[in-house]
Amino acid sequence: MVVEEFAFLNPRSIAEAVSLHTKYGEDSRFFAGGTNLLYMMKRGVRKPRYLINLKTIRDLDLTTFDDTQGLRIGSLTTIESLENSKLMKEKFPILAQAAKKIASPQIRYMATVGGNLCQDVWCWYLLEDFPCWLNGGEYCFAPEGDNRYHHSVLGGYFCFAVHPSDLATAFCALDATLVITGGDGTKEISLESFLPGFTKVEGQLRQNILKGDEILTEIRVAPRWQEAKGVFVKYAVRQSFDFALSSAAVTMRMENDRCADVRIVIGGIAPLPFRARQAEAVLIGKRLDKTLLEDAVEQLFGKTIALSGNAYRIQISKDLVAKALGQLSFPYEEKFIAP
Amino acid sequence: MSGYRISLQVNGRVVEVAAEPNEFLSDVLRDKLGLTGTKIACNEGVCGSCTVLLDGKPIYSCLKLACDVGDQEILTVEGLAQGEKLHPVQQAFLDVGSSQCGFCTTGFIMTTKALLDNIPDPKIDEVKQALSGNICRCTDYAGYVEAVLRAAQLARKATERA
């Protein structure tokens, strides 16, 4: 496949990168690992005329942790270094677990944390250049088409594609915040507000609220989360390469044998990571036993909006959450709910 | 767009080659440098046949822009043998005879080299994890796992003798 011509620009600073985007506008895209953007360009679905390389900007790939500021991960950190980071394995293993489930080793050496969170979402209709909402059209082919693998069980907003990011799911279970710099300055926002499901940004339907001239520079987790235990589980058709059919990120902090705080996030089944707040409420303040955990799993979803071919992913989600809760609550016992 | 000349470090040598920004490392290696040991199958980063090492790390050269390599060292399968002497990884794959059509093999060999440089004595699970980015359509992969373990053995023997 020949990719159409473009210029490859190497800014030395964020300010220079932002001003390059201002100069070249919609025809330009920020470029990190490239595993998402180049893939879409090879399919002919995206055709930027200018790639603004973020890797030439110093210090966007640094990770720090201390007890006051908490965890700060540079957005250009590769997925592989997150996966193998001693710091993650010791203090935030849920992130290392999620990173390890992404794509394949070769992709993880190239792809970045920031790119994974900001990725251009697609389904197989978009990839085949169908004129859908994300491709200059005003239609979604999924509801009346083949929606087994890429589409939401919790509804959509014009588009039904799911956000596939495993890291978004895991970071959501850590109440992560994002630092974003652009033409309007720098701001820190919650990951939940960064991924609100589909929304219009600068007149275009998008899955994250990043404006064209904005760059995600850092992902932050508050220091109190080092006291929580967490686990990430994923189910996909194959054991590598594939997006999750469903995934679960669960974090829990215990106090005096009771569940003091819990996050249950399900990924890959909606246009955003889904916080199962009802299920969380079942557990808060309680001593955990098998009946309670089963109750929480039952209350995972309120209303679901499965399409013609994807309802099976609701049960998979429940099983994954059950597995995750079991691993956190009874780590030395057999799985308490059979797969 | 006028031609770019870029400098690449390939298999221990510095080469200069003309490459536009929209050219991928896989194509430059094969079409401009004659290094056709790296294969292109899916051409979109989902099969692993184009795997080369960049500073020792396995990546998909079909998803790497040539102009984005900079001064990272590229290692292709052609850079493994020392003259007539095969690298232990190559020898092991030959000994086990795990290839059928052979198209995926060089990709597996490069991934294996990276694994063994990182973990000289991998357990089977570690081998399978490391190979999870390389697809083979002919075999059931068992021969490849065996080849990797044999390569680890051969490499160990070589260091013991040295």
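1. In which crossing, left-handed or right-handed, does α2(B) pass α5(B)? The crossing is right-handed. Right-handed here has the near helix turned clockwise from the far one by less than a right angle, left-handed anticlockwise.

2. This is a predicted model: local features need pLDDT of at least 70, side-chain atom pairs count only at pLDDT 80 or more, and totals for chains, interfaces and linings use all residues. Residues are numbered from 1 along each chain, chains are lettered from A in the order written, and side-chain values use heavy atoms, without hydrogens or water.

3. Helix α2 (residues 88-96) and helix α5 (residues 142-161) of chain B pack at about 135 degrees, axes 8 Å apart. Residues in contact (heavy atoms within 4.5 Å) include Phe93(B) in α2(B) and Leu154(B) in α5(B). By class, eleven are nonpolar, two polar and three charged.

4. α2(B) also packs on helix α3 (residues 105-118) of chain B: the axes come within 9 Å and cross at roughly 130 degrees. That makes this pair oblique. The crossing is right-handed. Val89(B), Gln90(B) and Phe93(B) of α2(B) make the contact, with Phe108(B) and Leu116(B) among their partners in α3(B).

5. Between the chains, 26 residues of chain A contact 29 of chain B. The buried area (accessible area lost, 1.4 Å probe, summed over both parts) is about 2500 Å², 61% of it from carbon and sulfur atoms.

6. Two salt bridges (Lys or Arg side-chain nitrogen within 4 Å of an Asp or Glu carboxyl oxygen) cross this interface. Asp68(B) and Lys55(A) meet in a salt bridge at 2.8 Å, N to O.

How values were computed. Axes are lines fitted to C-alpha atoms, for helices over the stretch in contact, and angles run from 0 to 180 degrees between N-to-C directions. Helices (H or I, at least four residues) and strands (E, at least two) are DSSP runs, numbered from the N terminus. Ala, Val, Leu, Ile, Met, Phe, Trp, Tyr, Cys and Pro count as nonpolar, Asp, Glu, Lys and Arg as charged, and the others, Gly among them, as polar. Buried area is the accessible area (1.4 Å probe) that two parts lose on being put together, summed over both. Angles under 35 degrees count as roughly parallel, over 145 as roughly antiparallel, 65 to 115 as roughly perpendicular and the rest as oblique.
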